[in-house]
Amino acid sequence: MRGIRCSSLGIVLCCVATPGAGLDLGASVGVGGEWTDNVYLSSSDRRNDWRQTVEFEVTASEDEAAYQLGADYDMAHDRYDRGSFDNQTNYNGGAFLNLSLLPQRFDWMSEIRSENTLINSRAPETPDNRDQRNVYSTSPRLTLLALPRDTVQLAAEASKITFREADSNDSDRFGGNISWRHLLSELTNFIVTAGQENVDFEL
């Protein structure tokens, strides 16, 4: 059961910088607050509280012949005035670095992605039911055949998935695939892919 919520935004600061010829950087900081008369989203245990949030966002991008990088991350730190929930810092976004080691032949992509998930999808979406999920991955890709109408690529990927709360769901993954793409027309591709992935859970 939801209650009354009142939000107010305190201050937001933004800046954009380009320290290099091809590097674009951006950052913003915000402070906000929200009052609710039902912080637990409960029909029986109604409690009011004031949530204070400090939010920081950073973006970065650069596109060069030898590498490409990008990042878009948002960090939010929440504090409850009456201590209804513990202080919590959450991250959402992603960042990547792609190295073009042999142009149009061999590249290597490394990436991190972060998001908030629910521990129990049937329970109310409150801070004690949220988890932090992080995915770290790296993937080399080799182009075996590059013709005007046909491309064959071989790729491998290793990744690690971690959870802040439900760490029994942490896993290590390794796999690979080979794909063939055939250009039928300017608007149509025919693609065949075969791959395999092994998953090890950290029980």
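Thr162 touches Gln132, Arg133, Asn134, Tyr136 and Asp170, leaving aside residues up to four places away in sequence; contact means heavy atoms within 4.5 Å. Thr162 lies in strand S8, residues 150-163. Strands (E, at least two residues) are DSSP runs, numbered from the N terminus. Thr162 is buried, at 17% relative accessibility. Buried means under 20% relative accessible area, exposed over 50%, and partly exposed in between (1.4 Å probe, protein chains only).

The model is predicted: local features need pLDDT of at least 70, side-chain atom pairs count only at pLDDT 80 or more, and totals for chains, interfaces and linings use all residues. Residues are numbered from 1 along each chain as its sequence is written, and side-chain values use heavy atoms, without hydrogens and water.

Now the charged pairs. A salt bridge is a side-chain nitrogen of Lys or Arg within 4 Å of a carboxyl oxygen of Asp or Glu. The count is 9. Asp37 pairs with Arg46 at 3.1 Å. Asp37 is buried at 18%, whereas Arg46 is partly exposed at 40%. Glu197 and Arg173 meet at 3.9 Å, N to O. This pair links distant parts of the chain, with Glu197 in strand S10 and Arg173 in strand S9, 24 residues apart.

Last, the surface. Val29, Val31, Val54, Phe56, Val58, Met75 and Tyr91 make a nonpolar patch of about 490 Å². Such patches take residues with over 30% relative accessible area and no salt bridge, nonpolar side chains (Val, Leu, Ile, Met, Phe, Trp, Tyr) being joined within 5 Å. S3 gives the largest share, 3 residues. Val29 sits in S2 and is partly exposed at 35%.

How values were computed
Patches are made of residues with over 30% relative accessible area and no salt bridge: like charges are joined within 9 Å, nonpolar side chains (Val, Leu, Ile, Met, Phe, Trp, Tyr) within 5 Å. Accessible areas come from the Shrake-Rupley method with a 1.4 Å probe; for residues, only the protein chains shown count as cover. Helices (H or I, at least four residues) and strands (E, at least two) are DSSP runs, numbered from the N terminus.
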